[in-house]
Amino acid sequence: MSQPRLFTPIALRSITAKNRIVISPMCQYSADDGLANDWHLVHLGKFAQGGAGIVMTEAAAVTAEGRITHGDLGLWHDGQIGPLKRIAAFLRGNGSVPAIQLAHAGRKASMQRPWYGNAALTAEDHARGDKPWTIVAPSAIPMDDGWLMPHELTEPDMKKLREDWRLATLRAVEADFDVLEIHCAHGYLLHEFLSPLSNHRTDAYGGDRAGRMKHPLEIIETVRAVWPADRPLFVRISSVDGIDGGIDISDSVAFVNEARARGVDVIDCSSGGLMGS
């Protein structure tokens, strides 16, 4: 009997995974100041020990304000490199390709950890030390009633974010990951730009499909420019919003074609997440 394709190697640029089993990012909400710890090492390490070809960290925020919760991983300062490098080394030493996802939560930032409700921070969260911070989005549209109102990003703000993504990517290189994924899904910042339901801008970064794709594509260009040419770049998308007036599959196909032209190797397809938790 021939071996199932799932268990055969796959080469992506210079990186070869021993099989096609990929462990998706799974937020653990267990970091302090964005720092990975023993929890993350054990959580991710067991998948390498179990034989997965590629093991990806949970979303690491490119800025402190880009975290979903106070417990998220991050790569917004150099002190966060070492703990992640330890994990990458363990994954590689146990036969898996170490991968990292970079993200910015946009208007879904400054949330409760799931076991406290997975919604907007309350007075009880503040008493635990989980204080809210200013959040950002393409347009000043909150997630839902009772949620924080985001600051609408200006063009200088977006220029600063491109630099944040660039620096976080360089830190991922220093941490010795072999695959990097840009999070453009699940209602987080780059998805918010792509969807007409959350992007009501009237400048070059809104309006038609090309305008809504502009900032996410600039981020892809920024990351690809400093991510080593011999290492693959993934992008995760919500293929459809599943809501009237939202992204449909034709929008995603157009975005994927533009992403591919900018050096993206793999599209990681999910769906939804724009509205609600």
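This is a predicted model: local features need pLDDT of at least 70, side-chain atom pairs count only at pLDDT 80 or more; totals for chains, interfaces and linings use all residues.
Trainee: Why is Arg 262 called partly exposed?

Mentor: Its relative accessible area is 25%, which lies between the 20% and 50% limits, so Arg 262 is partly exposed.

Trainee: What makes the pairing of Glu 258 and Arg 262 a salt bridge?

Mentor: The term asks for a side-chain nitrogen of Lys or Arg within 4 Å of a carboxyl oxygen of Asp or Glu. Between Glu 258 and Arg 262 the N to O distance is 2.8 Å, so the pair qualifies. Glu 258, at 32% relative accessibility, is partly exposed. Salt bridges with shared partners also join Arg 13, Arg 224 and Asp 265 into one network, and the structure holds 18 salt bridges.

Trainee: Which parts of the chain does the salt bridge of Asp 176 and Arg 92 tie together?

Mentor: The two side chains meet at 3.3 Å, N to O. Asp 176 sits in the loop between helix H4 (155–174) and strand S9 (179–184), and Arg 92 in helix H2 (residues 81–93), so the bridge links parts 84 residues apart in sequence. Helices (H or I, at least four residues) and strands (E, at least two) are DSSP runs, numbered from the N terminus.

Trainee: How far apart along helix H6 are Lys 214 and Glu 218?

Mentor: They are four residues apart in H6 (residues 209–226), so about one helical turn separates them. Lys 214 is partly exposed at 31%, whereas Glu 218 is buried at 15%.

Trainee: How do you know whether Trp 133 is buried or exposed?

Mentor: Its relative accessible area is 15%, so Trp 133 is buried. This residue lies in the loop between helix H3 (123–127) and strand S7 (136–137).

Trainee: What is the make-up of the largest nonpolar core?

Mentor: A nonpolar core is a set of buried Ala, Val, Leu, Ile, Met, Phe, Trp, Tyr and Cys residues joined through side-chain atoms within 4.5 Å. The largest has 42 residues, and Ile 100, Leu 102, Leu 180, Ile 182, Ile 220 and Phe 255 have the most contacts inside it. Apart from that one lies another core of 10 residues, among them Ile 68, Ala 120, Trp 133 and Met 143.

Trainee: What makes the phi of Asp 33 worth noting?

Mentor: Most residues other than glycine have a negative phi. Asp 33 is not a glycine, yet its phi is positive, about 55°. Asp 33 belongs to the loop between strand S3 (22–23) and helix H1 (38–49). Asn 118 likewise has a positive phi, near 60°, and lies in the loop between strand S6 (97–103) and H3.

Conventions
Residues are numbered from 1 along each chain as its sequence is written. Side-chain values use heavy atoms; hydrogens and water are left out. Buried means under 20% relative accessible area, exposed over 50%, partly exposed in between (1.4 Å probe, protein chains only).
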